[in-house]
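Open the model in a viewer and keep the sequence panel beside it. The stops below say what to select and what is found there.

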Amino acid sequence: MKPSALDYLVCNACYGRLSLEIEESIVLSEGKEPEILSGVLKCLSCKKQFPVRSGVPRFVDEKRSSQQNLETGQRFGIAWKEFPRLAASYRDQFYDWMYPVDAAFVKDKIVLEAGCGKGRHAQLIAEAGAAQIFAIDIGEAVDVTYANVGHMERVHVVQSDICQLPFTQVFDFAFSLGVLHHMDVPAAGFSSIVNCLTSQGAVCVWVYGRENNWWLIHLINPVRTLITARLPAPPLKLLAFLLAVPVWAGARFVARPYMETKKKLGWLPDLFYGHYLSYIGRFDFNEIHHIVFDHLVAPVSNYIPGEEVAGWFAQAKLTTPIIRWHNKNSWTGFASRKAPDTELMLSRVARAVPSGNQRQI
Ligand SMILES: [Zn+2]
């Protein structure tokens, strides 16, 4: 934890200001902020205390968080510890999910990542020149994030429930990719994130869609809930490996070439799940192994209709949301509290909409 984080963090029980008692800190390099490895944050109003452990301030109160969300955080903590690598392919994938947001958009902004996993996106946001980036997660994933990006300037890693964020309206931009659908009430997570935006702030989310995912909902979901979400890491990793072999081969050697040919010829019929498989066909085997593990490890996965995602944005009274069908199996949404930002984004959408993502709500 960096001392400058105190300019933004507040008590997540009463929004009071916090004081910090430092127990152990280190200076990583001359002229840079020290890293506080351990200490205690104390609320000046309600006197609640929050420990700083292993460099990370910890705001999760197990009595206040839903059991399901805690369990999800714990399971994904396992996933990120098994797959901690930051791959080069994440950059393209990240800006694809975030589209129409690009690196220029996040420059100089104060940014929140709600559900940071291993820190792969926080790293990209920091590299894009964000003024500050707060990467939060409910589970022990924060330890992987801290190991990966905690040393970076302006990056703050915080353990917190998305529904009880230790912030007031301080963020110019907040995003949450692949996280809300694993919460017991995704809409509550979205609303909590939006509540941390400034009066001109923007938000971007990516969630699993209900459309086209009947096979995941009816065939994979029951197996995951009853069996794989309860398996310890080693057998689950082995199972994911065995399943990843045909997925990787099918995506790389069948779906990707087929969809490329279809793009050229135009008249070929659609391949089942072709857009998504072709999309992941560019990843190496390790990443496919991780994706399969990710799908099997989660105790909760909600598949959300596009209309429902649009409803979150409407309810939050955000300006001109852009809701896009992504790879014909998931939804991305972007909106701002301030009209000019959204107009800029819409002009970018008009210039170039990636193939397979044309459907908008
Ligand atoms: Zn308080």
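**Helix 4 and its partner**

The crossing of helix 4 and helix 5 is right-handed, where a crossing counts as right-handed if the near helix is turned clockwise from the far one by less than a right angle, and left-handed if anticlockwise. Helices here are DSSP runs of H or I with at least four residues, strands are runs of E with at least two, and both are numbered from the N terminus. This is a predicted model, in which local features need pLDDT of at least 70 and side-chain atom pairs count only at pLDDT 80 or more, while totals for chains, interfaces and linings use all residues. Residues are numbered from 1 along each chain as its sequence is written.

Select residues 120-127 for helix 4 and 141-149 for helix 5; the two pack at an angle of about 35°, with their axes 9 Å apart. The axes are lines fitted to C-alpha atoms over the stretch in contact, and angles run from 0 to 180 degrees between N-to-C directions. Which residues meet here? On the helix 4 side they are Ala 122, Gln 123 and Ala 126, and on the helix 5 side Thr 145, Asn 148 and Val 149. A contact means C-beta atoms, placed from the backbone, within 7 Å of each other. By class, this contact has three nonpolar, three polar and no charged residues. Nonpolar covers Ala, Val, Leu, Ile, Met, Phe, Trp, Tyr, Cys and Pro, charged covers Asp, Glu, Lys and Arg, and the others, Gly among them, are polar.

Stay on helix 4 and colour by burial. Seven of its eight residues are buried, namely Arg 120, His 121, Ala 122, Gln 123, Leu 124, Ile 125 and Ala 126. Buried means 20 or more other C-beta atoms within 10 Å of the residue's own, exposed means 12 or fewer, and partly exposed lies in between, with C-beta atoms placed from the backbone. Helix 4 is followed by Gly 129, whose phi is positive, near 95°.

**Into the core**

Select Ile 125 next. Apart from neighbours within four places in sequence, Ile 125 is in contact with Val 106, Val 111, Glu 113, Ala 130 and Ile 133. The largest nonpolar core has 101 residues, and those touching the most other members are Val 111, Ile 125, Ile 133, Ala 174, Ile 193 and Val 203. Such a core is a set of buried Ala, Val, Leu, Ile, Met, Phe, Trp, Tyr and Cys residues joined through C-beta atoms within 7 Å.

Leu 197 is in strand 9, residues 197-208. Leu 197 counts as buried because it has 23 C-beta neighbours inside 10 Å. Beyond four places in sequence, Leu 197 is in contact with Gln 169, Phe 171, Ala 174, Val 203 and Arg 337. Draw a C-alpha to C-alpha distance from Leu 197 to Ser 336: the two are 139 residues apart in sequence and 9.3 Å apart in space.

Move to Leu 177 in strand 8, residues 171-177. Leu 177 is buried, with 21 other C-beta atoms within 10 Å. Leaving out residues up to four places away, Leu 177 touches Trp 97, His 121 and Trp 206. His 156 is 21 residues from Leu 177 in sequence, and their C-alpha atoms are 18 Å apart.

**Helix 8**

Where does helix 8 bend? Select residues 233-265: helix 8 bends by about 40° at Ala 251. The bend is the angle between axes fitted to the seven residues ending at a position and the seven starting there. Its buried residues are Leu 236, Lys 237, Ala 240, Ala 244, Val 247, Trp 248, Ala 251, Ala 255 and Met 259. They pack against helix 1 (67-82), helix 9 (274-280) and helix 10 (285-297). Helix 8 is followed by Gly 266, which has a positive phi near 85°.

**Backbone stops in loops**

Tyr 273 sits in the loop between helix 8 and helix 9. Tyr 273 is not a glycine, yet its phi is positive, about 60°. Is Tyr 273 buried or exposed? Tyr 273 is buried, with 20 other C-beta atoms within 10 Å.

Lys 47 lies in the loop between strand 2 (35-43) and strand 3 (49-53). Its phi is also positive, near 70°. Lys 47 is exposed, with 11 other C-beta atoms within 10 Å.

Finish at Pro 100, in the loop between helix 2 (90-98) and helix 3 (103-106). A cis peptide bond joins Tyr 99 to Pro 100, with omega about 15°.

Methods
Two residues are in contact if their C-beta atoms, placed from the backbone, lie within 7 Å.
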